[in-house]
Amino acid sequence: MHKDLWRLLGSDRLPWREELAQIVGHFNRKHAIKDKDVSHKTREDRREFYFAFFRELRTNAEVEMWVRPHNLGNRHVAFMVRRWIARGLEPGTIQLYLSYLRTFVEWIGHPGMVVAAAKYVDDPARVERSYAAATDKSWSAHAIVPDAKIAEVAAFDRYVGCQLLMALRFNLRVKETIMCPPHTAEIDGQLEVKRGTKGGRQRFVPIDTPEKRAALEAAKRCVENKSAHLGRPGKTLEQNLERFRYVMRKFGITKAMLGVTAHGLRHEYANDRYEQFAGVASPVRGGQAIEREEDRAARLRLAEELGHSREAISCAYIGKVLRRPRPFAAKNAAETCASAVVSDETSDDRQKE
């Protein structure tokens with residue numbers, strides 16, 4: 001047992017569940033790489049995964065593996081990856097699970113033990129994740145009129161309705177819209193987005209349409225005073241998040257019911273905004289290839305408004321970069337042909353938002 005774990009646990013004979021609870025309880029607040037705490041949701045997701053992982057590992061009917069958490073080895077990880085693939089899990093899910101395990105083996109003193117997903121399989125394509133959107137995930141693509149649906153929600157819960165409207169108009173994530181103080185967030189014709197952002201990265205979204213102005217003024221009327229945020233007064237952030245999730249389920253705004261989530265409003269904004277910047281529909285909406293510099297400029301502007309600095313993040317919302325067919329010399333000098341290629345640019349924006 002790693003010396004730090006020995007001091008933490010005091011014994012290597014604890015029941016596996018108690019041992020795991022001690023390890024998770026001690027380390028789970030910390031970010032895997034950075035010197036900071038992770039969100040409550042990340043802690044809950046990791047804890048749930050670790051217990052399910054060891055439970056399945058120890059009780060599977062294929063191979064007897066009475067492994068204890070502090071003795072986790074790479075052969076156990078490889079065994080579980082094979083089970084995940086056989087179960088048909090998506091590459092993105094497998095990548096996430098391996099990320100959790102990399103964090104865990106750091107805790108037990110085996111950094112670097114969990115290798116890249118492709119090392120565990122014969123066919124790397126089985127675990128390679130594509131970050132570019134292949135389909136339009138916006139509400140309108142699923143025959144849902146965003147404003148009409150949001151009006152239904154607002155009639156039931158004015159706070160959640162207002163949060164959704166701000167998410168639609170200003171491409172806000174759920175936590176960002178709940179924590180947004182509409183009065184003080186308006187600065188020089190822009191909406192400052194700072195509270196609840198990923199990595200604490202501040203951004204500014206221009207208030208450049210009548211619809212954005214109307215949404216912001218409605219948000220100001222919704223709150224009790226000029227320093228208040230859009231969450232329900234007297235409730236914690238977690239309580240507001242739970243209320244938001246409840247309302248989403250009540251109105252069918254889930255993948256299982258209507259095929260969309262609240263995050264689809266970010267996709268709605270992104271695809272609409274790209275068309276405004278580029279003058280053509282986005283790739284996932286059937287748009288045609290345009291000059292690469294024009295496309296790059298539109299994607300960079302969009303990435304900034306989404307809260308990222310890299311052009312590639314746009315792929316997760318609007319699809320891969322399309323390049324115009326270019327003629328090339330053939331064996332017969334009088335003959336030319338063209339080919340269209342798709343770039344391999346990818347995005348690192350994770351959703352689970």
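**Reading a predicted structure together**

Modeller: Let's start with helix H6, residues 146-156, where Pro 146, Lys 149, Ile 150 and Val 153 are buried. Please keep in mind that this is a predicted model.

Biologist: What makes the buried residues of H6 line one face of the helix?

Modeller: Look down the axis of H6: the buried residues fall within an arc of 100°, so they line one face.

Biologist: Let's turn to the cysteines. How many disulfides does the rule give?

Modeller: The count is 0 disulfides. A disulfide needs two cysteine sulfur atoms within 2.5 Å. For Cys 180, the closest cysteine sulfur is that of Cys 162, at 8.9 Å, so the two are too far apart for a bond.

Biologist: Why is Cys 180 called buried?

Modeller: Buried means under 20% relative accessible area. Cys 180 has 5%, so Cys 180 is buried. Cys 315, at 1%, counts as buried by that cut-off too.

Biologist: Now the strands. What makes strands E1 and E2 a pair?

Modeller: Pairing takes at least two bridges. Strand E1 (residues 186-187) and strand E2 (residues 190-193) are joined by 2 bridges and run antiparallel, so they meet the definition. Ile 187 has Gln 190 as its bridge partner, while Glu 186 stands opposite Leu 191. E1 and E2 form a hairpin, with 2 residues between them.

Biologist: How many bridges join E2 to strand E3?

Modeller: E2 and E3 (residues 203-206) are joined by 4 bridges, again antiparallel. Here Val 193 stands opposite Arg 203, and Glu 192 opposite Phe 204. E3 has a covered face, made of Arg 203 and Val 205, and an uncovered one, made of Phe 204 and Pro 206.

Biologist: What is the order of the strands in the open sheet?

Modeller: The 3 strands come in the order E1-E2-E3, with antiparallel pairing. E1 and E3 are at the edges, each with a single partner strand, so one side of each has no neighbour in the sheet.

Biologist: Which value makes the phi of Asp 188 stand out?

Modeller: The phi of Asp 188 is near 50°, a positive value in a residue other than glycine. Most residues other than glycine have a negative phi. Asn 171 is also not a glycine and has a positive phi of about 50°.

Biologist: Is Asp 188 buried or exposed?

Modeller: Exposed means over 50%, and Asp 188 has a relative accessible area of 76%, so Asp 188 is exposed. Asp 188 is in the loop between E1 and E2. Asn 171 sits in the loop between H7 and helix H8 (174-179), and counts as buried at 0% relative accessibility.

Biologist: Finally, what volume does the second largest pocket have?

Modeller: About 230 Å³. H7, helix H10 (210-222) and H12 are the elements that give two or more residues to the lining, and H12 gives the most, with 5 residues. Pro 146, one of the buried residues of H6, is among the lining residues too.

Notes. Residues numbered from 1 in each chain as written. Predicted model: local features only at pLDDT ≥ 70, side-chain atom pairs only at ≥ 80, totals over all residues. Heavy atoms only, no water. Buried < 20%, exposed > 50% of the residue type's maximum accessible area, 1.4 Å probe, protein only. Arc of directions from axis to C-beta. 1 Å grid on protein atoms, 1.4 Å probe; cavity = no way out; pocket = protein on both sides within 12 Å on 5 of 7 lines; lining within 4 Å. Points joined across faces, edges and corners; volume = space filled by probe spheres on them.
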